[in-house]
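This report goes through a structural model from its overall form to selected details. The sequence and structure come before the text.

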Amino acid sequence: MGKSTYLLFILNILFFRNIQAQIYRPSATAEQRANELLATMTLDEKIGQLTLYTTDWGSTGPTIREGYKNDIRSGACGNLFNSHTVGFVRELQKVAVEETRLKIPLLFGFDVIHGYKTIFPIPLGEAASWDMEAIGRSARISAAEAAAAGLNWTFAPMVDISRDPRWGRVMEGAGEDPWLGSRIAEARVRGFQGKKIGDTDAVLACVKHFAGYGAPIGGRDYNTVDMSERYFRDFYMPPYEAAVKAGAATVMTSFNDYDGVPATGNKYLLTDLLRKEWGFRGFIVTDYTSMNEMVNHGVVADDKEAGELSLNAGVDMDMQGAIYQRFLKKSVEEGKVKMADIDEAVRRILRLKFDLGLFEDPYKFCDENREKSVLLSPENRAAARDISRKSIVLLKNDKNLLPLDRNRKIALIGPLADNKGELIGNWNGAGNANDCVSVLEGVRAQAKGEVLFERGCSFFEAKKEWLEAALAVAKQSDVVVAVVGEQAMMSGEAAARADITLPAVQEEILIELVKTGKPVVVVLMNGRPLAIPNIAENAGAILETWWLGTEAGNAIADVLFGGYNPSGKLPMSFPRSVGQVPVFYNEKNTGRPFDPNSKWTSKYIDMPNAPLYPFGYGLSYTTFSYSDPKPDKIVFKKGENLQITVSVTNTGSRPGEEVVQLYVRDLVASVTRPVRELKGFQKIALNPGETKAVKFTLTERDLSFYRRDMTFGAEPGEFEIMTGGNSADVKKAKVLMTE
Ligand code: BGC
C-alpha cells in the first residue's frame, strides 16, 4: 500500500467510524439522529434521499431511467418502489448499506391498495361494508403481508372523494361522502401503520392524491380540477385532513391542477394547508412524474423550473421524475432553491427511516420465514372472506328470491361466473388470480342441488350458439344466477368511461334469460357505480359485489344461500343514466327545488332527479323499521352536545345487520348548505323482533362549516336531524341552536 493510499484508508476508517457512531446513536431521537447524519452529507447525497425510482418490476408508468442499481450505489437514489419479495429487497438493500459511503438504507414502497397477496375487496367495495373494524383489519393484514415481503411503505390509502362514476379511480376510494370517507381514511391509516411505525407488521401509509384528484372535469382521469375553496373544503378536504390527523406518515401530491396551480407545485396546498394548518410532519412525495408534467400544464418552461417550483412549494421526494437528481444542485447554485429547504426535506425522510428502525437493521423486513408463514395464511383468507361478504350490497330482491334454497337446480351463467382473473380487480398488489375462488367453485361448494354452467357470452362478444347453450341450461334449472359486469381493467387509473352501462352483449343476454320465465339473480362485478335501469327493472334480484378479491366466490355463495345476510350499503349513488352525473346525495336545495307541479324548477324533463339507488342504500333478507329520531333537547346552546336516539326494530324473520345513518341539515345559514349531510352511523345486529335504541352524539364541530367569511364554525339557528336506513329514506326532527 502506497503512502497516500494508506492515508486515505485511515481517513476512511476514521470517517466511517464517525458516521457509524452518529447513525447508531440509539439513545438519540430520530430528529437528532437525522440532524447528525445530515451534517455529514454532501449535496448529492442529500438529493439522493429526495429521489424515488421504480425498479423495472411491474412499473406503473413510463420508466424514465434505467440502471437503478448504479443509482443506488452512487447514492443518487435513496428510495425504490415496485420492488418487493424478501429476496429482491434484500439484494437491493445490500447495495445501499454495503456499497454507499453513508450506508443509508432504502425505503421500499409499493401500491398495496387492497391487499398484498391475500386480496381484499376493492376499497370502494370495502367502503360499502360501513364496518370500520373490518376495514381496519383489512389494512392491518395487507400491511403485515407487505412488510413480510420486504416493503415498508404503501401508496395508500387513496382518500379522494368522487361524485363521478365515469372516473375509473372511484374503485380505489371510499365513494362520495366526506364523513364516511374520513372515518374510512382513519381506519385505513391506522390499519397500515399498526401500533407503531417500526413494527415488523406495519408500513408507512401514504395519503393520496393531494388534492382534489377525484373531481376531474368530465370524469376524465388527470383532467383539470376547479371549484371554489368553500366547496373544496366542505366536500373534498375532510378525508385528507382526517388521514393526516390519524398520523399518516406521508402524503402524495396529485396529477391535477387546482385553481390553476398543479398540486405538485401548489404551495397553498402543500405548505399552507397541509403543513401549517394541519400540522403534517411527514414527507410529501409527488405522484409518478407529476413534477415533470407541470411543463405540460404550462406553468413552468422546463424540468428544472418544475423542480424549483415543487421544492419551494413543499415537495420532498420526486417520484420517478429524475428532476431533483438532474437539476436541484444547479438550482441551489443559482440561488433558486435554499439549502435549508433541501435540508428540511432530507430531514423529514431520514426521520422516518430512523423511526422504521432501518439503521439498526436494514433487513428487518426481510425474513424469509415470516414471508412464507404470513402471506395468504388461512387466517388472512378468513378475514378476506369476512369483509368480502360484508361488502356485498343487495340492490333488489323481489318476492324474496334470495336467499336461494341449496337444493334447487341452478344455472350459473355469464362471462364472470367461472372467472378468476378479474376477481382481484385493479391495483392488486402481488395478488395471484389462481389463488382466487371463482363463483362457480364457491357456489358448487355450498349447493346441494345441481349447478349447471354456461358462459352465454364473453365480455363484449355474443354468439348465437353461446346464447342458445345458456338458454338451454336456464330452461332446465329452477333459477338463473347471472354473473356479469366490467373487466377489472375498465376501472382504475386511466380507465375513465363515458358510457357507464353494462357492456351491451351482457345486458342483452340478461334480457333473454328473463324471457325464459325463470327467476334471474344478477350478480354484478364492477369497479364503479353502473347505470343499470333496465336490469333493475327486469331482474328478480341484484347483488352488487364489486371486485371482492381472493375469497370472492365463497363470499358470494355465502350471501346467495343465506349463510350471511347482506348488510352492505352503497358508498356512492348509482345513476339512472350517465346524463345525471354527477348525482350525489348531499346536494344543495337551489332556489327552485324540484316540484312535480311546476315546470320552472330544477329537474330533467326526461328522467327523475333521483339516482337509481341512492347513497347509503342496501337491502337485507330481513326488514327494519325506524322510530322518529329523538333529540335529548329541542333547544340547545352552541357548544353543547346533542344526543339523538332512534329505535330500530328487526321486523322480518331473520337475524340481520343494519347500518343506521344520521344526517343533518342547517336550515338557515350564512351560505347555502346541503339538504342532508351524513354525521354518524352505527352498524347494529338485530334478531327477529328485537329493538335497539341507537344513540348518536352531535358535537358543535358536526354542525360546523366554512361560514361566509371562511372561518370554520357553527351558526345558531334551526337544524333538521334525520335518521334512517339510507339517505333517501329518513325520518326527521327539528332542533334549535341558540347563542
Ligand atoms: C398513481 C399512484 C401510484 C403511483 C405509483 C401513479 O400512476 O397515480 O396512485 O401510487 O403511480 O405506482
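## Basis

This is a predicted model, in which local features need pLDDT of at least 70 and side-chain atom pairs count only at pLDDT 80 or more, while totals for chains, interfaces and linings use all residues. Residues are numbered from 1 along each chain as its sequence is written, and side-chain values use heavy atoms, with hydrogens and water left out.

## Overall form

The protein chain contains 22 helices and 27 strands (DSSP runs numbered from the N terminus: helices are H or I of at least four residues, strands E of at least two). Its radius of gyration, taken over C-alpha atoms, is 27 Å, close to the 27 Å from the globule rule for 739 residues, so the chain is as compact as a globular protein of that length. That rule is 2.2 Å times the number of residues to the power 0.38. The C-alpha trace spans about 95 × 65 × 45 Å along its principal axes.

Of the 739 residues, 62% count as buried (under 20% relative accessible area; exposed is over 50% and partly exposed is in between, with a 1.4 Å probe and protein chains only). Contacts are heavy atoms within 4.5 Å; among those between residues at least 6 apart in sequence, 78% join residues at least 24 apart.

## Helix H22

Helix H22 covers residues 552-560, and nine of its nine residues are buried, so it is largely enclosed by the rest of the structure. Among these buried residues are Asn-554 and Asp-558, along with Ile-556, Val-559 and Leu-560.

Just after H22, Gly-562 has a positive phi of about 85 degrees.

## Arg-33

Arg-33 lies in helix H2 (residues 30-38). This arginine is buried, at a relative accessible area of 5%. Its C-alpha atom is separated by 7.6 Å from that of Phe-354, which is 321 residues away along the chain.

## Cysteines

A disulfide is counted when a pair of cysteine sulfur atoms is within 2.5 Å; by this rule there are zero disulfides. For Cys-77, the closest cysteine sulfur is in Cys-366, 16 Å away, too far for a bond. Cys-77 is buried, at 2% relative accessibility. Cys-457 is also buried, with a relative accessible area of 1%.
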